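Student: I would like to take a close look at one part of this structure, and to go through it slowly. Could you walk me through a single group of side chains and then through what surrounds it?

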Amino acid sequence: MLEIVPLPAFQDNYIWTLRDGRHAAVVDPGEARPVQEYLAREGLSLVAILATHHHPDHVGGIAELAKGKDIPVFGPKGEPIPALTHPVGQGDTIEIRELAAAFSVLDIPGHTRAHVAYYGLGSLFCGDTLFACGCGRVFEGTAAQMLDSLSKLAALPDATKVYCGHEYTLANIR
């Protein structure tokens with residue numbers, strides 16, 4: 001059975017770890033150290049890296065995690081992501097065979113020009129587009145793009161579990 005485990009990074013980032021008993025994939029590893037320590041402690045082998053957008057607090061650990069290994073690195077087409085091996089966009093499906101998991105890729109620009117989300121197993125990994133009680137800031141995209149992206153996410157099944165890139169809940173409530 002696949003388990004999803006948050007690894008805290010920096011002040012308020014989440015690195016999401018998808019794992020079974022032997023393998024793991026990570027989403028938005030802004031730094032390598034928490035991932036390396038977790039994998040070593042749990043005896044897991046890293047089999048995939050997924051990035052939602054190019055900001056350093058989401059991709060800063062990728063190059064170190066992938067260095068010297070044959071690990072697929074998925075990320076949005078058109079964004080400068082270190083060690084990216086599999087550029088993806090709307091309509092693509094990624095498979096992580098070792099975890100028996102597949103995810104549909106959704107283009108959700110607004111926070112950045114080419115931000116993506118990964119949807120599968122009833123779960124959404126949406127980076128900095130959607131948060132509890134709020135949405136991400138518009139840095140490189142437009143407000144119209146963000147609205148369209150949020151509408152796309154709102155159309156997903158109500159039971160979808162949302163895994164966002166930061167813990168902003170209390171700040172968003174305020």
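**A close look at the aromatic cluster**

Tutor: Trp-16 counts as buried, because its relative accessibility of 9% falls under the 20% cut-off for that word. Please keep in mind that this is a predicted model. Tyr-163 has a relative accessible area of 15%, so Tyr-163 is buried as well. These two rings form a pair with centres 4.8 Å apart and planes at 70 degrees, which makes the pair edge-to-face, since planes over 60 degrees apart are given that name. Trp-16 belongs to strand β2 and Tyr-163 to strand β13 (residues 161-164), so that the pair links distant parts of the chain, 147 residues apart.

Tyr-163 also pairs with Phe-125, and here the rings are stacked, at 5.0 Å centre to centre and with 15 degrees between the planes. Because Phe-125 lies in strand β10 (residues 123-127) and Tyr-163 in strand β13, this pair ties together parts that are 38 residues apart in sequence. Both partners, Phe-125 and Tyr-163, are buried. Over the whole structure a search finds 4 aromatic pairs, and ring pairs link Tyr-14, Trp-16, Phe-103, Phe-125 and Tyr-163 into a cluster.

An open sheet of 6 strands runs in the order β1-β2-β3-β4-β5-β6, with mixed pairing, and its edge strands are β1 and β6 (86-88), each of which pairs on one side only. From one strand to the next, the twist averages 25 degrees. Within this sheet, β4 and β5 (residues 73-76) pair in the parallel sense over 2 bridges, and Ile-49 has Val-73 of β5 as its bridge partner.

Strand β2 (13-19) is also among the elements that cover the buried residues of helix α1, together with β1, β3, β4 and α3. The buried residues in α1 include Pro-34, Val-35, Tyr-38 and Leu-39, and they lie on the same side of α1 because they cover an arc of only 125 degrees around the axis. On the other side of α1, Ala-40 and Arg-41 are exposed.

Finally, the largest nonpolar core has 21 residues, and Val-35 and Leu-46 are among those with the most contacts inside it. The elements that give two or more residues to this core are β1 (3-9), β3 (23-27), α1 (33-42), β4 (45-50) and α3 (62-66). A second, separate core of 20 residues includes Tyr-14, Val-47, Ala-48 and Val-88, and Tyr-14 brings us back to the aromatic cluster where we began.

How values were computed
Residues numbered from 1 in each chain as written. Predicted model: local features only at pLDDT ≥ 70, side-chain atom pairs only at ≥ 80, totals over all residues. Heavy atoms only, no water. Core = buried A, V, L, I, M, F, W, Y, C linked by side-chain atoms within 4.5 Å. Buried < 20%, exposed > 50% of the residue type's maximum accessible area, 1.4 Å probe, protein only. Helix = DSSP H or I, 4+ residues; strand = E, 2+ residues; numbered from the N terminus. Pairing = 2+ DSSP bridges. Axes fitted to C-alpha atoms, helices over the stretch in contact; angles between N-to-C directions. Arc of directions from axis to C-beta. Contact = heavy atoms within 4.5 Å. Phe/Tyr/Trp six-rings, centres within 6.5 Å; stacked < 30°, edge-to-face > 60°.
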